[in-house]
Amino acid sequence: PPGTRIIYERKFLMECRNSPVAKTPPSHLPDIPGVTSPSVEELKLENHHVQSCEEKVSAAGEEEQFDMDI
């Protein structure tokens with residue numbers, strides 16, 4: 001049907017991302033690891049990355065400008 005497409009301006013969409021509603025997940029979503037919540041592997045990887053960054057900072061005295069994960 002003609003005239004049913006909704007077109008949003010970029011400025012409006014950029015403002016929507018700051019809304020509190022956009023920062024909280026819907027309450028009725030099921031808990032699916034890796035989809036609606038971080039998987040166990042992702043949590044372990046993130047924890048390991050944080051620890052390795054802390055070790056680099058304490059060893060070097062300051063954080064490197066660029067950090068590459070290989």
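These are my notebook entries on one predicted model.

**Ground rules.** I number residues from 1 along each chain as its sequence is written. In this predicted model, local features need pLDDT of at least 70 and side-chain atom pairs count only at pLDDT 80 or more, while totals use all residues, and side-chain values use heavy atoms, without hydrogens and water.

**Whole chain.** I looked up the helices and strands (DSSP runs; helices are H or I with at least four residues, strands E with at least two). The chain has 2 helices and 0 strands. Of its 70 residues, 3% count as buried (under 20% relative accessible area; exposed is over 50%, partly exposed in between, with a 1.4 Å probe and protein chains only).

**Patch.** I found that I6, Y8, F12 and L13 make a nonpolar surface patch of about 430 Å². Such patches join nonpolar side chains within 5 Å, from residues with over 30% relative accessible area and no salt bridge (Lys or Arg side-chain nitrogen within 4 Å of an Asp or Glu carboxyl oxygen). I6 sits in the segment before α1 (10-16). I6 counts as exposed because its relative accessibility is 59%.

**Rings.** I counted 1 aromatic pair (ring centres of Phe, Tyr or Trp, the latter by its six-membered ring, within 6.5 Å; stacked means planes under 30 degrees apart, edge-to-face over 60, tilted the rest). Y8 and F12 are stacked, at 5.5 Å centre to centre and 15 degrees between the planes. Y8 is partly exposed at 47%, and F12 is partly exposed at 41%.

Conventions
Patch = residues over 30% accessible without salt bridge, like charges linked within 9 Å, V, L, I, M, F, W, Y side chains within 5 Å. Areas by Shrake-Rupley, 256 points an atom, 1.4 Å probe, with all protein chains shown as cover.
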